[in-house]
Every structure is written in structure tokens, then in C-alpha cells.
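Dear colleague,

Here is the structure that I promised to hand over. Please look through it first, and then read the notes that follow.

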Amino acid sequence: MGRGRQKAKATRQAREMKYFSPETDYTALEKELSKSTGSSNRSSAYPRRDDEEDYSQYADKYSDDYDGR
């Protein structure tokens, strides 16, 4: 009898998790995303090593030609 109760509880919990959709706080999400995109910069996140070449001139030159495919 104990196993049946345990299985029923597990089934009920799995169903609750499957169909659970919490309220989305879009203002908090917007604040979080604006913080991360505004301060992310390659030079601060990944400092350039001495043996790396500087490709920024190429990135600026060819960024307009790239269409994302």
C-alpha cells in the first residue's frame, strides 16, 4: 500500500512540474538583460594577451558585410 501512495505522489508532482507556468516579471528581466549587455565588453571580459594579434580593425571593416548566415 505504501508504494502505491508514493507512486501517486510522484506522478502528481511530475504533472504539476510539467504544467507549471509561473508569472514572468518582464521588468526584472529587462533590468537584468540591460545590465549584462551594457557592461559586456570583450576588452574588459577577456584581456588581450601579448601574443595575440589585434583583429579589431578587420572587425570594424567587415562587420557591415556580414549578414548573419
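Patches are made of residues with over 30% relative accessible area and no salt bridge, where like charges are joined within 9 Å and nonpolar side chains (Val, Leu, Ile, Met, Phe, Trp, Tyr) within 5 Å; a salt bridge is a side-chain nitrogen of Lys or Arg within 4 Å of a carboxyl oxygen of Asp or Glu. Here Tyr26, Leu29 and Leu33 make a nonpolar surface patch of about 330 Å², with areas taken from the Shrake-Rupley method with a 1.4 Å probe, where for residues only the protein chains shown count as cover. Tyr26 belongs to helix H2 (residues 26–39) and is exposed, at a relative accessible area of 61% (exposed means over 50%, buried under 20%, partly exposed in between, with a 1.4 Å probe and protein chains only).

This is a predicted model, in which local features need pLDDT of at least 70 and side-chain atom pairs count only at pLDDT 80 or more, while totals for chains, interfaces and linings use all residues. Residues are numbered from 1 along each chain as its sequence is written, and side-chain values use heavy atoms, leaving out hydrogens and water.

The protein chain has four helices and zero strands (DSSP runs numbered from the N terminus, helices being H or I of at least four residues and strands E of at least two). Of its 69 residues, 0% are buried.

The mean pLDDT, the predictor's confidence in each residue from 0 to 100, is 78 for the protein chain.

Best wishes
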